[in-house]
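Student: I have a new model open. Can you walk me through its pockets and helix packing?
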Amino acid sequence: MDSTNPTRVQSYPKLAASILFCIIVGSLGSLVTITGPGSWYTTLQKPFFAPPNWVFGPVWITLFTLMGIALYLVWESGTEKKDVRFAIGIFGVQFALNVLWSFLFFGLRSPILGLIDILLLWVMILVTIWAFYRVKKSAAYLLIPYIAWVSLASALNGAIYFLNP
C-alpha cells in the first residue's frame, strides 16, 4: 500500500488475481458438495442451528472474497519480507485444509474426517490471522468473519457426527 494513502489499491491485477484465486480454488469443493433433494446430506440428522442449504453459497463467496482481499493486502506488503512469505505460506496451508474439508465430508461422506479437518482448519485460520496481523492489521481483521463461520461450521460438523452414529 502507498504510505501516503494506505487505502489506495496499488495493483488492481494483483487484487483481482487474489480474489479470483480464492473464489476459484475455494469453489473446487463444490464439485463434491451435493446438498439437494435425494442427496446423502439430506438424509443426515442435523442440529437445530443448521442453516438452510441456500445460505452456504453466498456466505462462502463472500468469505472467499474477503480472504482474497486479505491475501492481496499481505502480498502487496512485499514478498521479499520473511513475515510476508510466512503469512502467505500459512494462508496456503489453511486454504488447502478448507478445500480438503468438502472432499472428506461430502466426497468420502465422512463426518469424522471432516471434523478432524475442520478443527485443524480452525487452528490454522487462527494462526493465519496472527501472521496477517503481524504484516497488515486490516488483512487480519478481514478474516474474522471467516473464523466465525468456520466456528459455526465446526459445531455443525461435530453435531452431525454425533447425531449420525
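Student: What volume does the largest pocket have?
Tutor: The largest pocket has about 560 Å³. A pocket is an open set of points on a 1 Å grid over the protein atoms alone, with protein on both sides within 12 Å along at least five of seven lines. The volume is the space filled by 1.4 Å probe spheres set on the points, which are joined across faces, edges and corners.

Student: Which residues are closest to its centre?
Tutor: Thr33, Phe56, Trp60, Trp101 and Ser102, out of 27 lining residues. Lining means having an atom within 4 Å of a point.

Student: Which elements give two or more residues to that lining?
Tutor: Helix 3 (53-75), helix 4 (82-107), helix 5 (111-135) and helix 7 (144-163). Helices are DSSP runs of H or I, at least four residues long, numbered from the N terminus.

Student: Quick check, where do these values come from?
Tutor: This is a predicted model: local features need pLDDT of at least 70, side-chain atom pairs count only at pLDDT 80 or more, and totals for chains, interfaces and linings use all residues. Residues are numbered from 1 along each chain as its sequence is written, and side-chain values use heavy atoms, with hydrogens and water left out.

Student: New topic. How do helix 5 and helix 7 cross?
Tutor: Their axes come within 9 Å and cross at roughly 160°. Axes are lines fitted to C-alpha atoms over the stretch in contact, and angles run from 0 to 180 degrees between N-to-C directions. Helix 5 and helix 7 are therefore roughly antiparallel, a label for angles over 145 degrees.

Student: What classes of residue make up that contact?
Tutor: The contact of helix 5 with helix 7 has 16 nonpolar, five polar and no charged residues. Nonpolar covers Ala, Val, Leu, Ile, Met, Phe, Trp, Tyr, Cys and Pro; charged covers Asp, Glu, Lys and Arg; the others, Gly among them, are polar.

Student: And helix 4 with helix 7, at what angle do they pack?
Tutor: At about 30°, with axes 14 Å apart. So helix 4 and helix 7 are roughly parallel, the label for angles under 35 degrees.

Student: Which residues meet there?
Tutor: Gln94, Asn98, Trp101 and Phe105 in helix 4 meet Tyr146, Asn157 and Ile160 in helix 7. Contact means heavy atoms within 4.5 Å.

Student: How many cavities of 30 Å³ or more are there?
Tutor: One. In a cavity, a 1.4 Å probe fits but cannot get out.

Student: What lines the largest cavity?
Tutor: Asp83, Phe86, Trp130, Ala131, Arg134 and Val135. Helix 5 gives the most, with four residues.

How values were computed:
Parallel < 35°, antiparallel > 145°, perpendicular 65-115°, else oblique.
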